[in-house]
Amino acid sequence: MTETILANAMLVLPEGVMPGHLVLRDGLIAEIGAGRAVPKGALDCDGDLLAPGLIELHTDNLERHIEPRPKVAWPHADAIIAHDAELCSVGITTVFDALRVGSIGASGGRSDYREYARALADEILQMRARDGVRISHYLHLRAEICSETLLDELAKFGPEDRVGIVSLMDHTPGARQFRDLSKLRDYVRKKHGLSEAEFLTHVEQEKALKARHGAAHEAGAVAAARRLGAALASHDDTTPEHVAVSHGHGVRFAEFPTTFEAAQACRDHGIAVMMGAPNLIRGGSHSGNVAAQALAEADLLDILSSDYVPGALLSAALLLGDIWGDVARGLSTVTAAPAQAVGLADRGRIAPGLRADLIRAHRVERTAALRGVWVRGRRVG
């Protein structure tokens with residue numbers, strides 16, 4: 001039996017924040033006590049926040065480690081370990097690693113859009129089996145509707161692969177996230193170094209792929225989520241009509257709805273709304289879409305994702321706590337709410353019998369400095 005006592009902390013509980021201590025035993029939260037006393041042998045948390053470990057549903061961070069510079073490939077084992085260590089260092093204890101499924105061959109003008117998800121998933125799962133990672137890893141399959149091989153790639157995954165999320169990614173030019181083609185032009189030309197003529201060719205090819213495969217790919221991705229036992233997510237819903245379709249598919253949460261109207265429609269249909277932490281911290285969307293703070297102030301924001309800045313997750317949750325005047329509610333957007341969205345009943349809250357995935361954080365102005373990270377009761381950071 002292994003036991004740890006964390007005392008003199010401000011416990012972030014579902015019902016609010018209170019001074020108290022936790023007893024961790026055999027990887028679980030065994031006891032919760034009130035007060036500032038520090039029992040013999042306990043770790044004195046000096047009044048710091050003690051909250052559930054953060055849960056990240058959508059992050060592109062692994063891709064950044066695998067390709068640290070354009071066209072520079074990094075060894076995958078090293079990249080996975082570095083990605084895992086970075087997330088651990090900012091308090092994320094459960095991550096759904098986002099992998100694109102659905103590719104376009106070189107004949108389609110996208111030699112960079114090759115298949116990779118199945119092989120990389122194997123490497124992540126093998127690293128986990130070898131105890132090479134500190135935090136809990138699941139898979140998030142980003143199903144690219146505008147592709148050639150989506151259904152074949154999805155068929156390579158089974159229920160044993162820890163696929164927790166399948167998201168419907170429709171990047172048709174002129175719709176959803178990139179309904180403003182000038183924003184798409186800036187993004188694609190900068191990222192891929194395309195000329196204007198190459199960009200226009202790309203736009204036509206993407207539209208043709210949607211026309212040719214869109215309906216079958218969308219239906220196939222929905223069916224794959226059911227087969228894999230994964231939560232289904234929509235992406236970049238823009239209109240109430242998009243949300244109505246998502247609701248019909250059984251979508252549980254909406255990633256980054258682009259308009260206020262879409263977010264309101266999600267609420268009306270019982271679909272949780274997820275927004276990017278960078279959007280909240282920066283004060284707006286880099287794509288010109290609805291601001292996360294506007295949705296928070298209208299009570300239309302349920303979950304935060306770090307998206308492309310892992311360190312943004314805790315800071316943004318604390319910022320939400322300031323906006324709402326409720327620290328526990330702010331932190332629930334990165335703990336309890338994402339856990340509920342993907343059906344993880346064993347974490348995301350401080351309660352007896354749940355996993356002892358925890359963070360200790362010292363508040364510094366609008367953000368916080370981490371002073372400890374525990375996964376299953378074992379200190380990992």
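Reader: Which hand does the crossing of H7 and H8 have?
Author: Right-handed; that label applies if the near helix is turned clockwise from the far one by less than a right angle, and anticlockwise is left-handed. Helices here are DSSP runs of H or I with at least four residues, numbered from the N terminus.

Reader: What kind of model is this?
Author: This is a predicted model, where local features need pLDDT of at least 70, side-chain atom pairs count only at pLDDT 80 or more, and totals for chains, interfaces and linings use all residues. Residues are numbered from 1 along each chain as its sequence is written, and side-chain values use heavy atoms, with hydrogens and water left out.

Reader: At what angle do the axes of H7 and H8 cross?
Author: Helix H7 (residues 240-249) and helix H8 (residues 260-269) cross at roughly 30 degrees, and their axes come within 8 Å. Axes are lines fitted to C-alpha atoms over the stretch in contact, and angles run from 0 to 180 degrees between N-to-C directions.

Reader: So parallel or oblique?
Author: H7 and H8 are therefore roughly parallel, as angles under 35 degrees count as that, over 145 as roughly antiparallel, 65 to 115 as roughly perpendicular and the rest as oblique.

Reader: And how far apart are the axes of H2 and H3?
Author: The axes are 10 Å apart, and helix H2 (residues 76-89) packs on helix H3 (residues 117-129) at about 60 degrees. H2 and H3 are therefore oblique to each other, and their crossing is right-handed.

Terms used. Helices (H or I, at least four residues) and strands (E, at least two) are DSSP runs, numbered from the N terminus.
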